[in-house]
Amino acid sequence: MELSGCGADVVITIRGELERDTDHLLIELVDHVVRDHAGPVILDMAGVTFLCAHGVGALLRVRDMIAAAGGRLTLRDPSPPTRRILAITGDEQLLALAPAPAQPYGAAYKQRSHPEDRRTMSTVVR
């Protein structure tokens, strides 16, 4: 997981699996964030490859943690597996979903042209 700021928003990027062995990482990170931040929190979920019931539970828990601190959770660009599970469970109605931000011309090409960078990040995130 990667934490970054974007103006008044906090952005947490999740890659890989959000399941029983990793859900606590999200909860701990959000707990740390809400201690100092009462604004919007965005979970960038474009890189999520697997989401199970534990992951959905973690999303609902962090939504409540953020709301209790006075903020709002938004799931940005949920991956197809994420959207499918949220649709099946009905939790897409309980979570705010947003599309990915527009990329400047050439950014998508630049990302594809350096696969070793993504592999390194995946290793670090995992």
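Reply: E4, helix H3 (residues 80-89) and E5 form a right-handed β-α-β unit. Right-handed here means that, with the strands pointing away from the viewer, the path from the first strand over the helix to the second runs clockwise. Helices (H or I, at least four residues) and strands (E, at least two) are DSSP runs, numbered from the N terminus. The model is predicted, so local features need pLDDT of at least 70 and side-chain atom pairs count only at pLDDT 80 or more, while totals for chains, interfaces and linings use all residues. Residues are numbered from 1 along each chain as its sequence is written, and side-chain values use heavy atoms, with hydrogens and water left out.

E4 and E5 (residues 96-98) run parallel and are joined by three bridges; two strands pair if DSSP finds at least two bridges between them. Arg76 stands opposite Ala98 in E5. From E4, Leu73 and Leu75 point one way, Thr74 and Arg76 point the other way, and all are buried. Buried means under 20% relative accessible area, exposed over 50%, and partly exposed in between (1.4 Å probe, protein chains only).

E4 also runs parallel to E3, with four bridges between them. Leu73 in E4 is the bridge partner of Val41. The chain passes from E3 through H2 to E4, and this β-α-β crossover is right-handed.

E3 in turn is joined to E2 by eight bridges, and these two strands run parallel. Gly47 in E3 is the bridge partner of Arg15. Here the chain crosses from E2 through H1 to E3, again as a right-handed β-α-β crossover.

In H1, the buried residues include Asp23, Leu26, Ile27, Leu29, Val30, Val33 and Val34. They lie on the same side of H1 because they cover an arc of only 165 degrees around the axis, taken from the directions from the helix axis to the C-beta atoms. Arg35 and Asp36 are exposed on the other side of H1.

The largest nonpolar core has 26 residues, of which Ile12, Leu26, Leu43 and Leu59 touch the most other members. Such a core is a set of buried Ala, Val, Leu, Ile, Met, Phe, Trp, Tyr and Cys residues joined through side-chain atoms within 4.5 Å. Strand E2 (9-18), helix H1 (23-36), strand E3 (41-51), helix H2 (53-68) and strand E4 (73-76) each give two or more residues to this core. H2 supplies the largest share, seven residues. Leaving aside residues up to four places away in sequence, Leu59 touches Leu18, Leu26, Leu43, Met45, Leu51, Leu73, Leu75, Leu86 and Leu95, where contact means heavy atoms within 4.5 Å.
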